[in-house]
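Colleague: Could you walk me through this model? I would like to go through a few local features one by one.

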Amino acid sequence: MSDESRPYRTAAVIPAAGRGVRLGPGAPKALRTLNGTPMLIHAVRAMAASRAVSLVVVVAPPEGAPEVKNLLDEHALPQRTDYLVVPGGDTRQESVRLGLDALPDNISIVLVHDAARPLVPVDTVDAVIEAVRDGAPAVVPALPLADTVKEVEPGEKGAPEPVVATPPRARLRSVQTPQGFDRDTLVRAHETGVLNGEGATDDAGMVEQLGEPVVVVPGHEEAFKVTRPLDLVLAEAVLARRRANDGF
């Protein structure tokens, strides 16, 4: 069977139920605006820009699902992609699981993408999907580190912390999203994580806990996470450059 005829269908799950307290008071982080458009809409458009993505599932705050649904209806989104809004849970892990539960049976590849990474280029999305299609059960986009990293012994806030080790930078990567998965592998990772009560900082980490391989593809500098007010300024600058260069 040729690659073109293999029955792969891809969905993206965007957990957007968090408050984003580091950006300060106001609307939830995913609903903060960039160039007048909520970050969530930028993130949804980034996933839908890939022709391989047939469905985007937005996991909304439990009390805000109708508002998010209205938000999606109000903005122009690619017609070839379907959209679904489901209420989220108390944690990111629970919200991703609820998004997985909402997927139709014909989805075989799942992307999990941070709503706070609104500017990831479509080439990065496609690279993640292609790596899963090529047989990797889990794929993460990542960048080499520019800074030296120190491992420290955590202490009281504001107090000096002793350095324990300096990991070799050549072996370290800064991980981004979307992370891509074989659907069955990701579902099993979430089921196992719940049963064992073991936490992980991302979905790829949950797959690692299964003992399954995770591979890295090149990330992109514009796929940064909008977490602090300065990140909003940088994101606006990226959008301004895109508008100037290609009318994005």
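Modeller: Let us start with Asn35, which sits in the loop between β2 (33–34) and β3 (37–38), where strands (E, at least two residues) and helices (H or I, at least four) are DSSP runs numbered from the N terminus. Before going on, please note that this is a predicted model, in which local features need pLDDT of at least 70 and side-chain atom pairs count only at pLDDT 80 or more, while totals for chains, interfaces and linings use all residues. Residues are numbered from 1 along each chain as its sequence is written, and side-chain values use heavy atoms, with hydrogens and water left out.

Colleague: Fine. What is phi of Asn35 near?

Modeller: Phi of Asn35 is near 55°, which is a positive value in a residue other than glycine. Asn35 is also partly exposed, at a relative accessible area of 40%; buried stands for under 20% relative accessible area, exposed for over 50%, and partly exposed for what lies in between, with a 1.4 Å probe and protein chains only.

Colleague: And which residues does the cis peptide bond join?

Modeller: The cis peptide bond joins Thr177 and Pro178, with omega about 15°, and Pro178 has its place in the loop between β10 (173–175) and β11.

Colleague: Since you mention β11, which strand do four bridges join to it?

Modeller: Four bridges join strand β11 (residues 179–182) to β6, and these two run antiparallel; two strands are said to pair if DSSP finds at least two bridges between them. Within that pairing, Leu111 has Gly180 of β11 as its bridge partner. β6 also pairs with strand β1 (residues 10–15), in the parallel sense and over four bridges, and there Val13 has Val112 of β6 as its bridge partner.

Colleague: Are the faces of β6 buried or exposed?

Modeller: Both faces are covered, with Ile109 and Leu111 buried on one side of β6 and Val110 and Val112 buried on the other.

Colleague: Switching to charges, how many salt bridges are there in the whole structure?

Modeller: A search of the whole structure finds eight, a salt bridge being a side-chain nitrogen of Lys or Arg within 4 Å of a carboxyl oxygen of Asp or Glu. One of them is between Asp114 and Arg92, whose closest N and O atoms are 3.0 Å apart. That pair links distant parts of the chain, 22 residues apart, with Asp114 in the loop between β6 (109–112) and α4 (122–133) and Arg92 in helix α3 (residues 92–101).

Colleague: What about Glu222 and Arg242?

Modeller: Their side chains meet in a salt bridge of 2.8 Å, N to O, which links distant parts of the chain, Glu222 being in the loop between β12 (215–218) and α7 (229–246) and Arg242 in helix α7, 20 residues apart. Both Glu222 and Arg242 are buried. Elsewhere, salt bridges that share partners join Arg92, Asp114, Arg117 and Asp203 into one network.

Colleague: And which side chain of opposite charge is nearest to Arg183?

Modeller: That is Asp105, 4.7 Å away, and Arg183 is buried yet has no salt bridge; Lys and Arg count as positive here and Asp and Glu as negative, while His and the chain ends are not counted. Arg183 is found in helix α5 (residues 183–196). Leaving aside neighbours within four places in sequence, Arg183 is in contact (heavy atoms within 4.5 Å) with residues including Leu100, Leu103, Pro104 and Asp105.

Colleague: Back to α7, which of its residues are buried?

Modeller: The buried residues of α7 are Asp231, Leu232, Ala235, Val238, Leu239 and Arg242. Seen down the axis of α7, they fall within an arc of 120°, so they line one face of the helix, the arc being that of the directions from the helix axis to the C-beta atoms. On the other side of α7, Leu230, Val233 and Ala244 are exposed.

Colleague: What do the buried ones pack against?

Modeller: The buried residues of α7 pack against β2 and α1. Helix α1 (residues 39–48) is itself largely enclosed by the rest of the structure, because nine of its ten residues are buried.
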